[in-house]
Amino acid sequence: MSRRSQRRKKAVGRKRGERRKGRIVRGVGLFAGSVLVLLLLVVLGGMLWVRSYVRGEDFRVLLEKQVGRGLGAEVSLTDLEWEGSAVRTEVLEVGNAGMEFSGQRVSTRVDLGGIWEGVWRVPLVKLVKAEGSWDLRGRRGGGGGSGG
């Protein structure tokens, strides 16, 4: 075999190797791009699902139960109106055997940093109007009763 034909053979072999590398790089890039798009769609779908859930009736009922458990009373909320992480409801009613409380135009902002810890942080609750009554008779440590 002449030197010229040997050079040609080496050049063709190099081109084939380069073509394989190019196909591999293109395949890996296509796979990585597909995974990235799929991940983006999953995150976007998750965000839309969470947004839909917190704006729904099921979340409002869950919130009533959790707040009621924390306060040791029955809690009732009107529809929740969300704007970003801020939430507003027209009426909040809390009551048990010895207490009744009503708040109107209640608004708050949820600190989303608590989600990573599995808690809902609500640093401040604002009300336009509040009314309440407490029956302190029969409770120990209450003022005005006869000691014994």
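A residue counts as buried when its relative accessible area is under 20% and as exposed when that area is over 50%, with partly exposed in between. By that rule, 17% of the 148 residues of the chain are buried. The model is predicted. This briefing covers the chain's elements, its aromatic pairs and a charged patch on its surface.

**Overall layout**

- The chain has two helices and six strands.
- Read from the N terminus, the order of the elements is α-α-β-β-β-β-β-β.
- Helix α1 covers residues 3-54, and helix α2 covers residues 57-71.
- Strand β2 is made of residues 81-83.

- A pair of aromatic rings is described by the distance of the centres and the angle of the planes.
- Three aromatic pairs turn up when the whole structure is searched.
- One of them joins W49 and Y53, whose ring centres are 5.5 Å apart and whose planes meet at 5 degrees. Planes under 30 degrees apart count as stacked, so the pair W49 and Y53 is stacked.
- Both residues belong to helix α1, where W49 and Y53 are four residues apart, or about one turn of the helix.
- W49 is exposed because its relative accessibility is 59%, and the cut-off for exposed is over 50%.
- Y53 has a relative accessibility of 31%, so Y53 is classed as partly exposed.

**Aromatic pairs: the tilted pair between elements**

- F59 and W82 also form an aromatic pair, with 6.2 Å from centre to centre and 55 degrees between the planes, and this pair is tilted.
- F59 is buried because its relative accessibility is 5%, and the limit for buried is under 20%.
- W82 is buried as well, at a relative accessible area of 14%.

**The aromatic cluster**

- Which residues form one aromatic cluster? They are W49, Y53, F59 and W82.

- R19, R20, R23 and R26 form a positive surface patch.
- One of these residues, R23, lies in helix α1.
- Is R23 buried or exposed? R23 is exposed, because its relative accessible area is 57%, and exposed means over 50%.

Note on methods: Residues are numbered from 1 along each chain as its sequence is written. This is a predicted model: local features need pLDDT of at least 70, side-chain atom pairs count only at pLDDT 80 or more; totals for chains, interfaces and linings use all residues. Side-chain values use heavy atoms; hydrogens and water are left out. Patches are made of residues with over 30% relative accessible area and no salt bridge: like charges are joined within 9 Å, nonpolar side chains (Val, Leu, Ile, Met, Phe, Trp, Tyr) within 5 Å. Accessible areas come from the Shrake-Rupley method with a 1.4 Å probe; for residues, only the protein chains shown count as cover. A salt bridge is a side-chain nitrogen of Lys or Arg within 4 Å of a carboxyl oxygen of Asp or Glu. Lys and Arg count as positive and Asp and Glu as negative; His and the chain ends are not counted. The place of a charge is taken as NZ of Lys, CZ of Arg, CG of Asp or CD of Glu. Buried means under 20% relative accessible area, exposed over 50%, partly exposed in between (1.4 Å probe, protein chains only). Rings of Phe, Tyr and Trp (its six-membered ring) pair if their centres lie within 6.5 Å; planes under 30 degrees apart count as stacked, over 60 as edge-to-face and the rest as tilted.
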